[in-house]
Amino acid sequence: MILGAKTAGTLALDAFVSNDVVVYCFLDDDTALRGQEVHTVSVMGATDDEQFLKLLGKQCEVFVATDDTASRRSLTKLLKDTYKLAPVNAIHRAATVSEYAWLGHGNYVGAGAVVGPSAHVSNHCRLEARAVVEPGAQVADFVSIGAGAIIGAGAVLEEGAFIGAGVVVPGTVRIGKNARVGAGSVVVGDVPDKATVFGNPAKTV
């Protein structure tokens, strides 16, 4: 079961289908989507619909695929507190995850993404298509890494950090909590918590 039927949900569905995993349904809070199908999978209710959530842990697993971090946090807390469940990972068959890497729960790893040995990806992160997390990099909870971004060996991304598409983060760099790095940027120094940086070299905006 996938919570969220928009872009993130579609990507998660693709990841599951690539591994021959059957997706039972989507749940989404957008009433306009109810009764619709996303690539042959029906949107059947709201994300807090007990009629469907009561199936979790007994007949099916769950993945949280809402597009914004606040919603992912809220739904993850609901699943943990009410249903004592952690969401599963959605790892595309075309991704490469080292058997020596460490992954938590509820992560999305897109097609062509690479997670190197000794890399540590915590919980509820998004690694878009062709993103690379090099050996020894540390990625905290709820981090988003855009398509084609490269996180260097030993780099540290703190909780809630957002890394845009095509960003390069060298291995000596720390990206602070809830910081944002604009697409295509090359980061040459640490980024403070909550800062937004952009450019080559990346500067505060």
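Visitor: Hi! How many helices and strands does the secondary structure of the protein come to?
Guide: Hello! The count is 3 helices and 23 strands. Helices (H or I, at least four residues) and strands (E, at least two) are DSSP runs, numbered from the N terminus. This is a predicted model, where local features need pLDDT of at least 70, side-chain atom pairs count only at pLDDT 80 or more, and totals for chains, interfaces and linings use all residues. Residues are numbered from 1 along each chain as its sequence is written, and side-chain values use heavy atoms, with hydrogens and water left out.

Visitor: Thanks. What radius of gyration does the protein have?
Guide: The radius of gyration is 17 Å, which agrees with the value near 17 Å for a compact globule of 205 residues. It is taken over C-alpha atoms, and the globule rule is 2.2 Å times the number of residues to the power 0.38. Along the principal axes, the C-alpha atoms fill a box of roughly 50 × 35 × 30 Å.

Visitor: And what share of the residues is buried?
Guide: Buried residues are 46% of the 205. Buried means under 20% relative accessible area, exposed over 50%, and partly exposed in between (1.4 Å probe, protein chains only).

Visitor: Let's look at α3. How far apart are its end C-alpha atoms?
Guide: They are 20 Å apart, in agreement with the 21 Å that the 15 residues of α3 (residues 69–83) should span at 1.5 Å a residue. The expected span is 1.5 Å times one less than the number of residues.

Visitor: Which residues of α3 are buried?
Guide: Arg72, Leu75, Thr76 and Leu79 are the buried ones. They cover an arc of only 100° around the axis, which puts them on the same side of α3. That arc is the one made by the directions from the helix axis to the C-beta atoms. In general, an α-helix has 3.6 residues a turn, so residues three or four places apart point the same way. On the other side of α3, Ala70 and Lys77 are exposed.

Visitor: What do the buried residues of α3 pack against?
Guide: Their partners are β1 (2–3), β5 (63–64), β12 (126–127) and β15 (144–145). Contact here means heavy atoms within 4.5 Å.

Visitor: Since β12 came up, is Arg126 buried or exposed?
Guide: Arg126, which lies in strand β12, is buried, with a relative accessible area of 10%. Leaving aside neighbours within four places in sequence, its contacts include Arg72, Tyr108 and Ser144. Arg72 is also one of the buried residues of α3.

Visitor: New topic: what is the strand order in the open sheet of 5 strands?
Guide: The order is β7-β10-β13-β16-β19, with parallel pairing. β7 (96–97) and β19 (168–169) stand at the edges with a single partner strand each, so one side of each is left without a neighbour in the sheet. Two strands pair if DSSP finds at least two bridges between them.

Visitor: How many bridges join β10 to β13?
Guide: There are 2 bridges between β10 (residues 114–115) and β13 (residues 132–133). Val115 stands opposite Val133 in β13.

Visitor: Last one: where is Ser185 found?
Guide: Ser185 sits in the loop between β21 (180–181) and β22 (196–198). Ser185 is buried, with a relative accessible area of 0%. Not counting residues up to four places away in sequence, Ser185 touches several residues, among them Gly166, Val168, Phe198 and Ala202.
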